[in-house]
Amino acid sequence: MKFMKLGSRPDTFYTSEAVRSVSSEVSSDLTVQVKGSRYLLHKFPLLSKCLRLQRLCSESLENSQQHQIVQLPDFPGGVEAFELCAKFCYGITITLSAYNIVSTRCAAEYLQMTEDVEKGNLIYKIEIFFNSCILSGWKDSIVTLQTTKAFSSWSEELGITSRCIEAIASKVLAHPSKVNLSHSYSRRGRDDVSCNGGESQRHSKALSKGWWAEELAELGIDLYWRTIIAIKSGGKIPSSLVGDALRVYASKWLPNISKDPTAKNQVESDPGSDLIRELTSKHRLLLESIISLLPAERGSVSCSFLLKLLKAVNIVNASSSSKMELARRIGLQLEEAKVSDLLIPSMRTDRLYDVDMVMTILEQFMLQGQSPPTSPPRAKDGFEKRRRSRSAENVEFGFQESRRSSSSSHSSKLKVGKIVDGYLQEIAQDVNLPLSKFTALAEEIPEFARLDHDDLYRAIDIYLKAHPDLNKSERKRLCRALDCKKLSMEACMHAAQNELLPLRVVVQVLFFEQAKAAMSGGQVTEIPSNIKAILAATDDPRRPTASLSTNETVPAEDPWSVSGLKSPKSKLSTLRMKLAEDEDLEENYTNGIGKSSKVKAICSIPTGPKRMFSKLWSNNRTTSEKN
C-alpha cells in the first residue's frame, strides 16, 4: 500500500485526565471539543492554517479573554481525523494512506485548510498524494473507495467517490499488464510505495481476464453498482466477463439464500421481526441491483445462475419487475436448465413449488416462436437457367440463415420438452398441486417437441398415485396430452396393467401394442384401412425408439420392471374386467367423447373393440407358440 509522511517533529500529544494535550513550554490558550473529547491546544499553530477556527474564535463572545473554547460537534472523521489535522498544524509527523486519506481530506475541508490561508496547506498536499499515488494504484483505489461509505455526502461533494470509480474502471478496461497491483491482490508480498521517494520491490503475477472480479466483490452494493456501470460503459469488457463478475459478487453476498431450506421458513415464521425485515430488505436491494446489472446479451450468464437468482428473489419477495426480467432471460436459454434448478420453492404454505413461475418461464421460451425446420420452396421450372442476381443470392442466404435458426429452435424445444417432463415428475408428488396446473404445463409443450411420451407417462403415473381421489373425468383430462403411439414397449406393458389409468387409455395402449405385434409378425392379413393409417403414422423409421431403461437400471421391485409382468392372457382378462366394469364405454364412444383422431379410428373398428382385441391376442399367442 502507498503512504505519505508529512512533518518532521516527534509526536508530543498526550492524555491527562481524559483530556488530550500537547507537551509545550507555552501554556494552552484554546480548548477544542470534538464529539465528547477535549483538546487543550494553542491558537497560533491552528489558526494560522484553519480558516474555520479563525472565524469561530473571532465570532466568540469570549474573544477578549485569553483562553477560548470552540465546539465542533459535527466534525467529519471524529477525533482521529481532527488529531491528524492538529498534528499537521504543529509540524508533527503524520502518515497518510488509503485507509485514512478520505477522513483526513473531509476533516481538512471542514477546517478550511486551503491555500488561501497558507501556501502548501493540508488540502493541497492531500490532493497531490491522492491524484498521483492513490488513484494510480489498484488496491489503493478500492480501499479508498470503500472508506468513502462512512463519509458519503462529503465524498460525493469533494469528488472522491467518482474519481475512485473512474480510476478503477480505467484499470479494468486497460490491459492487465498496465495495472499496478498491490500486495493484497498478489497475496505474496507487500507493495509499499512512499510518495516521498521510497519504493519497495513490487511483485508480479500472471493475471487472467477476469482478475478484477474478486477484488471488486469487496465493495458494497451501491459502490459496486456504480463501478460496474462505469466498466460496462467503456464497451471493452465482454459481456461474459461482466456476467462472471456478477456471479462472484452474488456468491459472496448471497451465499446460500437460494439453497438454504430454512430461509423460506424464517421469512414465513416471523416476517415482522426487525432482524428478518432488515435481512430481507438488504437481500432485496442486492438482488434487484444485480439483476439491473445483467448484460443484455444472451448467454452472458448461465441459466443455472439466473434460476438461483430467481429462487432468491422469490424468497425475499422482490419486485414483480425483477421476477419478470429474470423469467424473460431464463426463457431465452431454458434449454440449458436442469430440473433441480427449476424447483423454485413456493411461498405458499400449501404448495411445494412455484409452478406458476415455471409456467411463465416456459411461456417466455415459447414466445421465441420458431417453428420446426421445413424444406425450402422448390424453384419454378426454368428458374435455374436464369442468371442469378446478387439480390437472389442474398435472399437464398437469408433463407439458409433462417433455416439454421429454425433448426436450432427445434433442437431447443426438444431439450425443453425433456426438461419439462422431468419437472412434471417432481411436482407430481405434491398432493396439493391442482390438476389444472399440471395439465397446463404438460400441454404447453408442442407435439413435435416430444419424440417419446415415456417421461410424460411416468409423470402422469406419479400424479395418479399422489392423487387417488381423482374422478373419471379428471383422469381423462390428466391423460389428454399423452400419445399412446409414442410409448415404448416397456411403458406400454406398464400402462396395460395400470389400474389408475382411464379405461380409454388402457384400450388404446393395448390396441397399438398388439396391432404393432400382429403387423410385424405377419399373422393378420386383413386390418381395416383406418387402423392401417394409425399404424403407418407410428412406424416412422426416422423417429428413434425410446426405452425407459436406456440410461438407468430398473430394480427388480420397480413397478416398471418387465420381469414381473403377466402374460398376454392375463392382460386380456384385465381388459375384460375393466370393460365389464365400465358399462357405458361403447355408449361413450358412440356419443363421440373420444375426440382425437386415434380414438375415432379405434372406435370405428367394424367388429367392435372386444372381438378385435380377442383376435389380436389369439394371433399373438399363436405366433408365440409357433416360435
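In the hairpin formed by strands E2 and E3, two residues lie between the strands, and Glu17 has a positive phi near 55 degrees. E2 covers residues 13–16 and E3 covers residues 19–22; they pair in the antiparallel sense over four bridges. Thr15 stands opposite Arg20 of E3.

The model is predicted. Its mean pLDDT is 77, and 66% of the residues reach 70 or more.

| Stretch | pLDDT | Contacts beyond four places in sequence |
|---|---|---|
| Residues 260–272 | under 50 | 20 contacts |
| Residues 370–399 | under 50 | 19 contacts |

Helix H5 spans residues 122–134, and its buried residues are Leu122, Ile123, Ile126, Glu127, Phe129, Phe130, Cys133 and Ile134.

The largest nonpolar core has 149 residues, of which Leu41, Leu72, Met113, Trp212, Leu216 and Tyr224 touch the most other members. Helix H15 (residues 303–316) gives the most to this core, with nine residues. The core lies between domain 1 (3–134) and domain 2 (409–424 + 431–524), because both domains give residues to it.

Which residues is Leu216 in contact with, leaving aside its neighbours within four places in sequence? They are Trp138, Ile142, Ile168, Tyr224, Thr227, Ile228, Ile231 and Tyr249. One of these, Tyr224, is also among the core residues that touch the most other members.

Terms used:
Residues numbered from 1 in each chain as written. Predicted model: local features only at pLDDT ≥ 70, side-chain atom pairs only at ≥ 80, totals over all residues. Heavy atoms only, no water. Buried < 20%, exposed > 50% of the residue type's maximum accessible area, 1.4 Å probe, protein only. Core = buried A, V, L, I, M, F, W, Y, C linked by side-chain atoms within 4.5 Å. Domains from an automatic or database assignment. Contact = heavy atoms within 4.5 Å. Pairing = 2+ DSSP bridges. pLDDT = per-residue confidence, 0-100.
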